[in-house]
Amino acid sequence: MTIEKTDTLVVGGGQAGIAMSEHLGKLGIPHIVVERDRIAERWRTGRWDSLKANGPAWHDRFPNLEFDIAPDDFASKDECADYFEAYAKQFDMPVRTGVQVNNVERKANKQGFIVETSAGTIEAERIVAATGPFQHPVIPSIAPVDDTILQIHSADYRNPGQLPEGAVLIIGAGSSGAQIADELQKAGRQVFLSVGAHDRPPRSYRNRDFCWWLGVLGLWDAPALEPGKEHVTIAVSGAYGGKTINFRALAHEGITLVGMTKSFTNGTVTFQADLVNNITGGDKSYLDILDKADAYILDNGLDLPEEPDARAQLSDPECLSNPILELDLAAAGVSSIIWATGYTQDYSWLKVDVLDENNRPKHQRGVSSVPGIYFLGLPWQSRRGSSFIWGVWHDAKYIADQIEIQRNYQAYQAPS
Ligand SMILES: Cc1cc2nc3c(=O)[nH]c(=O)nc-3n(C[C@H](O)[C@H](O)[C@H](O)COP(=O)(O)OP(=O)(O)OC[C@H]3O[C@@H](n4cnc5c(N)ncnc54)[C@H](O)[C@@H]3O)c2cc1C
């Protein structure tokens with residue numbers, strides 16, 4: 001039986017795998033992209049129904065194709081999935097869908113890897129793991145065992161109609177938790193939102209979207225989180241044409257804000273006394289961007305309209321003046337809990353010594369500690385923008401260059 005061979009096998013056909021294929025193709029490097037479902041499946045079926053991209057269409061895209069919507073609009077999740085499908089078609093990419101990679105091992109005493117897939121064995125000189133920054137939903141161990149309450153992760157939330165009648169406790173107020181809370185409140189639900197430390201940039205300021213501000217201020221290119229900010233999430237939204245996430249405003253609309261969730265005991269949930277701190281920290285991050293933007297405008301002599309209202313702060317809602325520290329779930333009518341508590345990665349198929357003690361890839365800008373293994377799409381792979389649509393394209397270019405450099409060394413032949 002002949003075994004199929006390729007130079008580079010890309011595992012995963014999301015935006016990372018598609019960007020990788022474009023750059024490998026441009027360098028003429030033979031490769032195959034294998035995707036267990038469909039191209040950009042996570043955008044198609046792994047998000048809630050109303051999700052819009054966090055950035056406007058002019059920004060959240062690859063350089064070589066525009067979205068089929070107005071540049072300042074926010075693409076729906078399906079428009080994003082269609083976009084990546086169209087991209088793969090435009091570059092005639094060798095993507096095989098419905099093929100799962102089950103196992104990758106190094107060849108014994110030889111360069112290259114044996115890849116076991118659901119459609120047979122492939123030998124590859126190199127592997128690019130592009131299986132996503134947000135793979136397995138994480139639900140913390142404090143989750144109560146209580147079959148009277150529906151508990152789901154935000155990855156499984158689709159729309160308000162999916163939840164039983166009653167109030168909802170949402171744990172986690174990053175982009176997912178804050179948007180889901182807003183949607184449920186607007187659908188008439190009573191919502192409790194457990195808010196931790198977060199950054200919340202202005203959606204736009206002085207006639208520029210925050211994506212533009214983060215770009216010109218060099219913040220997308222920040223190489224790592226600031227020390228002490230490792231557990232800080234970012235709350236942004238492209239919903240309703242894009243608007244700033246403002247927790248005080250959400251509270252004035254009827255959402256009850258609470259601090260970080262501490263524990264569940266006998267039907268009562270306890271919250272930390274950190275709500276005011278977390279909201280103030282978010283406000284500080286918001287004002288910090290406004291200050292930096294004002295300084296940039298001044299330094300560069302830009303003519304952008306002033307926006308003093310952006311600094312106005314809403315009054316403290318009751319839930320912020322007197323934060324709830326305990327909630328009897330049954331008495332409050334809570335019938336659902338949504339855990340918007342993030343994701344972890346899974347490389348169980350990669351039987352190569354490239355993970356650290358926390359199962360995280362050992363790598364520098366995606367080049368792993370094992371020659372021939374590369375990662376793409378990791379959070380903070382090279383910069384803040386790495387796991388986002390626009391950023392992964394640039395990381396893919398870098399990885400393709402590194403692959404090309406190694407291929408050139410391997411092709412070297414000493415003069416005889
Ligand atoms: C709720 C949410 C909203 C987001 N919104 C935005 C946004 O608006 N703008 C933005 O820039 N970013 C956004 N992101 C971040 C990021 O863009 C997405 O997470 C994006 O899906 C990441 O693309 P990816 O290709 O790296 O990974 P994925 O989209 O997760 O793609 C990985 C692919 O690998 C496949 N796969 C996994 N294991 C295997 C295997 N063993 N064999 C074969 N195939 C496999 C999966 O089926 C999947 O299709 C959002 C993330 C989330 C969670």
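This is a predicted model: local features need pLDDT of at least 70, side-chain atom pairs count only at pLDDT 80 or more; totals for chains, interfaces and linings use all residues.
1. Let's start with helix 1, residues 15-26. This helix has 12 residues, and the distance from its first C-alpha to its last is 17 Å. At 1.5 Å a residue you'd expect 16 Å, so the value in the model is close to that.

2. Is helix 1 mostly buried or exposed? Of its 12 residues, 10 are buried, so the rest of the structure largely encloses this helix. The buried ones are Q15, A16, G17, I18, A19, M20, S21, E22, H23 and L24. If you'd like to see what covers them, look for strand 1 (4-11), strand 2 (31-35), helix 3 (77-90), strand 3 (95-97), strand 6 (120-129) and helix 9, which are all included in that cover.

3. Helix 9 (residues 389-411) deserves a look of its own, as helix 1 packs against it at an angle of about 40°, with the two axes 8 Å apart. Because of that angle, helix 1 counts as oblique to helix 9. The crossing of the two helices is right-handed. On the helix 1 side the contact uses Q15, A16, A19, M20, H23 and L24, while helix 9 brings I389, V392, W393, A396, K397, I399 and A400. What kinds of residues meet in this contact? They divide into 10 nonpolar, two polar and one charged.

4. Now for helix 7, residues 275-299.

5. Helix 1 is followed by G28, which has a positive phi near 70°. Just after helix 7 you'll find G301, with a positive phi of about 60°.

6. Next, pick out L257, which sits in strand 15. Why does L257 count as buried? There are 26 other C-beta atoms within 10 Å of its own, and a residue needs 20 or more to be called buried. Setting aside neighbours within four places in sequence, L257 is in contact with L193, V195, F247, A251, L275, C319 and L320.

7. Finally, two residues to look at by eye. Most residues other than glycine have a negative phi. D92 isn't a glycine, yet it has a positive phi of about 50°. You'll find D92 in the loop between helix 3 and strand 3, and it counts as exposed because it has 9 C-beta neighbours inside 10 Å. N359, also not a glycine, has a positive phi near 65°. Where does N359 lie? Look in the loop between strand 20 (343-344) and strand 21 (363-364). N359 is exposed, with 11 other C-beta atoms within 10 Å.

How values were computed
Residues are numbered from 1 along each chain as its sequence is written. Axes are lines fitted to C-alpha atoms, for helices over the stretch in contact, and angles run from 0 to 180 degrees between N-to-C directions. Helices (H or I, at least four residues) and strands (E, at least two) are DSSP runs, numbered from the N terminus. Angles under 35 degrees count as roughly parallel, over 145 as roughly antiparallel, 65 to 115 as roughly perpendicular and the rest as oblique. A crossing is left-handed if the near helix is turned anticlockwise from the far one by less than a right angle, and right-handed if clockwise. Two residues are in contact if their C-beta atoms, placed from the backbone, lie within 7 Å. Ala, Val, Leu, Ile, Met, Phe, Trp, Tyr, Cys and Pro count as nonpolar, Asp, Glu, Lys and Arg as charged, and the others, Gly among them, as polar. The expected span of a helix is 1.5 Å times one less than its number of residues.
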